[in-house]
Amino acid sequence: MSILAVGSRRVAESRLRNMWRWRNAIITFGIGNPVLYLIAVGLGVGSLVEESMPGGIDGIPYLAFIAPALIITAAMQAGQDEVVFPTLAGFIWTKTFYAMRATSLTGAQIAEGVLFAAFGRIVLTSVVYGLVLLLFGAVSISGALGVTALAILTGTCWAATMQAIAASVHDDGGFLSLAGRVIIMPMFLFSGTFYPLSALPLAVQWIGWISPLWHATELGRWLSYGAPTPLWQVCVSVAYLMVLGVGGVVLARRRFERRLTS
Amino acid sequence: MILQALTSTTAVAIAQRRAGLADAGIRSGRARMLLLRNTLALRTSNALAFLTGFVEPVLFLVAFGYGVGALIGDVSDGEQSVSYAAFIAPALLAASAMNGAIYDSTFNVYFKMHFQRVYQAMMSTSLGPLDVALGEIGWAMIRGASYAVGFLVVATLFGLTTTWWSLLLIPAAMLIAFAFAAIGMSLTSLMTSFQQLNWLQFWMLPLFLFSGTFYPITAYPDWLQVIVQATPLWQGIAMTRSLAFGVIDMALMGHVLYFMVIGALGLLATTRRLNALFLR
Amino acid sequence: MDVAFPPGRHGWLCPVIWARDLTKSYATKTSGDVLAVDSIDLEVGPGESFGILGANGAGKSTTMRMIGATLQRTSGELTILGHDPQHEGPLIRAHLGVVPQQDTLDTDLTVRENIYVYGRYFGLSRAELQPRVDDLLDFAQLQDKRDAKVDSLSGGMKRRLTIARSLVNEPSLLLLDEPTTGLDPQARHLLWDRLFRLRETGVTLVLTTHYMDEAEQLCERLVVMDAGRIVAEGSPAHLIRTHAGREVVEVRFGAQRSNEVVPHLAGIGQRTEVLPDRILLYTEAGEADLHEIVARGLTPTTALVRRASLEDVFLRLTGRTLVDE
């Protein structure tokens, strides 16, 4: 018994084939993006940080501090791209979902297939990123395994959430660029990615608390170099990510089904 | 008869008045009509993208200036020592002028060129390719200037502006937007698929990260510093930083000249390419 | 500025369009240079409505774009209203109204703004444009859609808006590239009615089409293009008389008998064309010829006598082979 129904696998297959046509871009961006951020922020900004805090944050180099946040962000971004774009295209731009629905596929299978293909991209991105982190000496081998697995989990949960949101977008009206600027960018900047959340005034700290990126990053730091994290926080963060993931899948399946049958 | 020709307002009479000029074949002197068009278009569809452009540099300023800034303290770039927020603020202003101009002159222009066919319609009026190039680049400059004004207000509220020279950041942002829009539009006019636009976008990232935006380029080895200094965003950041810190010297003239030259080259290339695309 | 023309066949002192050996060739990667337009001669006088007929790929749109001063010729001569499009493009375009084959309406603007902004591109003043835009919205019967976005319009409405927009500079020459392709019959007839009114105001119309009924409705004179060349020229009536005759008899004998029957039809009509499913006889007196066929004992399964049309001319001149896009 496989996890996915035959129908979902077919949808995933066609999505993966589509991604294959973009392989050069996916691979270059997948490697280029982490390398650029690691050099510029990890080493460039890091040298400034270590000048004023010779011990680094949590007693580790700045590069090691931001590494978990960077890999998780990349996984979330990859997952979001691979669900939001095909979902908007399938419902609005090219309407391929309606053509798929006219065959024996169900809406839920289409939703699953798209998410599963995105999962493939998330795995690829996370593994590549994990290797780059290892090469930069930003994580230990066991740490790399931990943060890579965590990035895959977080990326997939986030993709499910975004798929549920994208499934209810009816007028694309710049949703893509808006999602990037209003959701992703603030999340990237205010989730304790580049500094401990406590460095910010309380007025903006709440962004971190609701941000899956912050929860995942804290988990990542705990896994990667054993940052002091109370057990209850670990449990809350894991639960939060799981709720996003499971809730996203359930909602997305239902919304796909409803939109393709009404 | 002559009086009539001067006051007549028909399209033909308007065109005849310019017919003798050297650039009559490529310019009608009405680039501002594109600004009118884009302003009207803003109302119906593009307002959100325009507005969110204000927010991005502010977010970066808060997150890096205050978040990372708390870890860093003061930064010294050569002789001066300033807070980290004050150090990155002018750089973020230059980068937002660049980003706004690039977004307008690449994605928006590509869309107008290949899907909306707006330029085809324009070229079948008495507008010429130089009008279109000037109009779109002028629009990018207005965008750059409005982002600069918005950002300057925020930076002043945060107490990051210390000299009246800071007011010159507005024309500086326009100059940066001019050059990037001209180059961006000339590249876009050569493109044949959306994928190429994504590549362009990809190359913007190292420009943004490595041009001394977040740390002084003295962190690099000498040979790398020379290369970075030749890139346009570094030139822009060096210009905005020296204005923000009130360092007025000959280097400033060098930056201005740099942008004038690459902007003019981009404008020339764009005009030639539009001519080849739509009038040949 | 006024150019002296050699007296043309049509004798206009100052033709609106005048072309000699007009040629456009494109370099292609696969098959070398392709002649899109192959040394054609054209003359269109003021106030004429002139048609260019041709199948897809015959060179109609290329010719239109050269006339519209948005495409440079490879060789030959061309003047539009006495000006050379090579050097005076903007001036020529100020005289023109252009309705391109594919809509180029600005989807970021409303219906009214589309006309208004287009007028501003020509340099017309705001005060002057306000009443004119209103008139044009009336003309295009789009008053109640004035503040709608372009995307919400039907195909026919978009065409009418494009035509209204092209009139904003009060052009003396209107170029219409396949104006009614893709429209339903109601929309086409409404559009023809609008174009007919324009003709009455003295605007010179040049249109391309592959609809023969459209050409018969709208054109006083036309040329037929095939593979970049002009293969016939004249009024619709003249072309039909010369190339098709007065009437056509269409008879069917069934697939098997068709070929056997052909030799027995000798002497009936001026010209016979054998098609897979039927035989066409081009003739002066259709009814009499049909009687003759029956008299010879060749009773057809179906028979039809009709007036010869421009379609017969067109198919005769350009052949029945399917032309791909």
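**Working through the chains**

Reply: To begin with chain A, 50% of its 262 residues count as buried, where buried means that 20 or more other C-beta atoms lie within 10 Å of the residue's own, exposed means 12 or fewer, partly exposed is in between, and C-beta atoms are placed from the backbone. This is a predicted model, in which local features need pLDDT of at least 70 and side-chain atom pairs count only at pLDDT 80 or more, while totals for chains, interfaces and linings use all residues. Residues are numbered from 1 along each chain as its sequence is written, and chains are lettered from A and ligands numbered from 1 in the order in which they are written.

Me: How many helices and strands does chain A have?
Reply: Chain A comes to 10 helices and 0 strands, counted as DSSP runs numbered from the N terminus (helices are H or I with at least four residues, strands are E with at least two).

Me: How many residues does each chain put into the contact between A and B?
Reply: Chain A contributes 27 residues and chain B 27 residues, with contact meaning that C-beta atoms, placed from the backbone, lie within 7 Å. On the chain A side, the largest share, 12 residues, comes from helix 2 of chain A. By class, that side has 20 nonpolar, 6 polar and 1 charged residues, where Ala, Val, Leu, Ile, Met, Phe, Trp, Tyr, Cys and Pro count as nonpolar, Asp, Glu, Lys and Arg as charged, and the others, Gly among them, as polar.

Me: OK, what about B against C?
Reply: That contact takes 34 residues from chain B and 32 residues from chain C. Helix 3 of chain B gives the most to the chain B side, with 7 residues, and by class this side has 17 nonpolar, 13 polar and 4 charged residues.

Me: Which residues of helix 2 in chain B are buried?
Reply: In helix 2 of chain B, residues 11-18, the buried ones are B:Ala11, B:Val12, B:Ile14 and B:Ala15. Seen down the helix axis, they fall within an arc of 160°, so they line one face of the helix; the arc is that of the directions from the axis to the C-beta atoms. What covers them includes helix 2 (89-95) of chain C.

Me: Switching topic, which residues touch the most other members of the largest nonpolar core?
Reply: They are B:Ala173, B:Ile176 and B:Ala177, in a core of 252 residues, that is, a set of buried Ala, Val, Leu, Ile, Met, Phe, Trp, Tyr and Cys residues joined through C-beta atoms within 7 Å. Helix 4 (residues 84-116) of chain B gives the most to this core, with 19 residues.

Me: Last one, is C:Ala69 buried or exposed?
Reply: C:Ala69 counts as buried, with 28 C-beta neighbours inside 10 Å. C:Ala69 has a positive phi of about 60° although it is not a glycine, and it sits in the loop between helix 1 (60-67) and strand 4 (75-80) of chain C.

Conventions
Two residues are in contact if their C-beta atoms, placed from the backbone, lie within 7 Å.
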